[in-house]
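Here's a quick briefing to read alongside the model. Have the sequence and the 3D view open as you go.

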Amino acid sequence: MKYEIPIGPIHPALKEPILLQLTVEGEEIKDVDVIASQNHRGIEWIGMNRNNPVQSIYIAERICGICNISHPAAVILAVEEAMNMDVPDRAQYIRVIQCELERIHSHLLWAGVAAHEIGFDSLLHYTWKVREKVMDILELVNGNRVTKAIMMYGGVRRDIKKEHIPKIKKMLEYYKEGFDKLAKFFLEDKTIEMRTRNVGILTKEDALKLGAIGPTARASGVKKDVRQDQPYFAYPDFDVKAITPDMFTGEVVGDTYDRIVVRLLEVKQSVEIIERALDELPSGDILAEPKLVKLLMDLKKAEGEGVGRHEAPRGEVIHYVKLKKDFEPFFSWKVRAPTYSNIMSWIPMLKGCQIADVPIVAASIDPCISCTNRVIRINNDGKREIIGGDELHRLSVKKTKRLLEGGS
Amino acid sequence: MGVKRMKELLEKLKEKKIKFEIREREEGVKKKGKRKTVLVYTPRENLRDIVKMLIETSEDFPHFSVCSFADYGDYVELNYHFSTGYGKPLQETNVILRVTLKKDDLRVPTLTDLVPATIFSEREIKEMTGIEIENIPDGRHMFLTKDFPDGVYPWRRDETAPKETRKMYEVWK
């Protein structure tokens, strides 16, 4: 007997509105359909019709709260290519530091959510406590925890001051010391291993064909990382290597566990990058064109196109920008957030899983779409029954307990 | 695609007399690296052949990112953003396949059977620009809601663009 279960449009595992239509037979998921058309904000349209290019940096920042450095980073890369603009060395380093700070906080946020999805709430609280350190540094350096408004065409808007450096270094020490503990909790814990090993497998072939990116692709053994393949900002100086799970476990399975491994190792990698960047931070200006009016005039006169690709915590974010002479907004603007490419991998991942696995598998790609608290289960006689988020969460927790007692 | 593989692709394009352009931009502070882009002016009838060539000359599989679009009045530009050669430091090349279409003949063949990742972008292009995708396996709306009016295409700059747009505070009234 086949049943259809819609999960979403709003759901705790999916942080923005999206609908997963599952076809299930008993507990097993047979087919998945993803329906994204829930809430279109028309951000590209605003950038192409209403805003001037500088305003568009700030609207790009609001595409996603967690990726509030990544989208501006990609849009400025695209515009700098279109205008053929040079950026001061110091600004390039500060951009790298900002991007890596974002990666640390985003991956830790995700790790906490993942722990919550399998009913391990004490670990959620511990991870988020650890994450607070980097949030404090973000606030110290930028004056704000999210939407930092730091990126600008031709540089950055705020410098990293001398007095910030010892505090950032202290934070890096904290993460270096705490990493082993965090890795032990996540990677050696029996419960987490049971709930994530061999669950939600994405094969390398599927990852390549479906265009998966970021930790999702790397966990399946695709060594793809924009910072390595086509470095930008100051990344060529750091020789970044794409992290795959075999570096830690010796094999690539491509399951949820591997995606945890990749993200945790990336936190460590980011700490190392920031440490080097602080030591080698060049002196000099932070903006190529400090006069905003002149910059806006230059943007209006510019003609050209550019593609900005940035390795965001969730994968590659790509912006395409076309500028036309005497046309103030972007003539064409296309934003592709990482989840756009990763959503398709849900389909092979979820097939064959149990309903109780949906929260952790769906969360394992770190979806950046948005969230609800209920699921409507349509019974065979067409009657609708609402399973609350609490109920779904309870099912997931129950499975953890069942597994601990030796069930399946 | 390593440098050798890239040359192979460019040779094949030359053989078919397809125009292309190579763009480079230097990045990095102490150690310099080049961001390479190959822009291929793709005639619509050769689009599928060129994608096949791209797959053949790629070591893994070409990564498809997204489609972008620009409206020039009489004609439109559709760009397929691919990248190949990832996995090794500084070896990746962006490949943009640019298809130019006349306004009165807006259609392109589907690529979903060759590159499965294109389905979302093709659905998006269909609803946002009104370009007909021939043989698209799934023609539902991607991002716009089900009840979005027909014949209104948000990315266009002509009479089919959305006319009445209201600011948020006007909606609240």
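Start with helix α6 (residues 164-187) of chain A: its 24 residues reach 33 Å from first C-alpha to last, close to the 34 Å expected at 1.5 Å a residue. That expected span is 1.5 Å times one less than the number of residues, and helices (H or I, at least four residues) and strands (E, at least two) are DSSP runs numbered from the N terminus. This is a predicted model, where local features need pLDDT of at least 70 and side-chain atom pairs count only at pLDDT 80 or more, while totals for chains, interfaces and linings use all residues. Residues are numbered from 1 along each chain as its sequence is written, and chains are lettered from A and ligands numbered from 1 in the order written.

**Helix α6 of chain A**
- α6(A) bends by about 40 degrees at A:Gly178, the bend being the angle between axes fitted to the seven residues ending there and the seven starting there.
- Its buried residues (20 or more other C-beta atoms within 10 Å of their own, C-beta atoms being placed from the backbone) are A:Ile168, A:Leu172, A:Tyr175 and A:Phe186.
- The cover over those buried residues of α6(A) includes α4, α5 (121-142), α7 (190-196) and α12 (256-279) of chain A.

**Domains of chain A**
- Chain A splits into domain 1 (2-40 + 342-404) and domain 2 (43-279), with bounds from an automatic or database domain assignment.
- Between the two domains, the contact (C-beta atoms, placed from the backbone, within 7 Å) takes 22 residues from domain 1 of chain A and 26 residues from domain 2 of chain A.
- On the domain 1 side of that contact, α15 (346-350), α16 (358-364) and α17 (389-404) of chain A each supply at least two residues.

**The largest nonpolar core**
- This core (buried Ala, Val, Leu, Ile, Met, Phe, Trp, Tyr and Cys residues joined through C-beta atoms within 7 Å) has 155 residues, and A:Ala78, A:Val96, A:Val321 and B:Leu97 have the most contacts inside it.
- Helix α4 (residues 89-117) of chain A gives the most to this core, 14 residues.
- Domain 1 and domain 2 of chain A both give residues to this core, so it lies between them.
- Leaving aside residues up to four places away in sequence, B:Leu97 touches B:Val40, B:Thr42, B:Leu47, B:Ile50, B:Asn79, B:Tyr80 and B:Phe82.

**Where chains A and B meet**
- The contact takes 38 residues from chain B and 36 residues from chain A.
- On the chain B side, β3(B) provides the largest share, 7 residues.

Key. A residue is buried if 20 or more other C-beta atoms lie within 10 Å of its own, exposed if 12 or fewer, and partly exposed in between; C-beta atoms are placed from the backbone.
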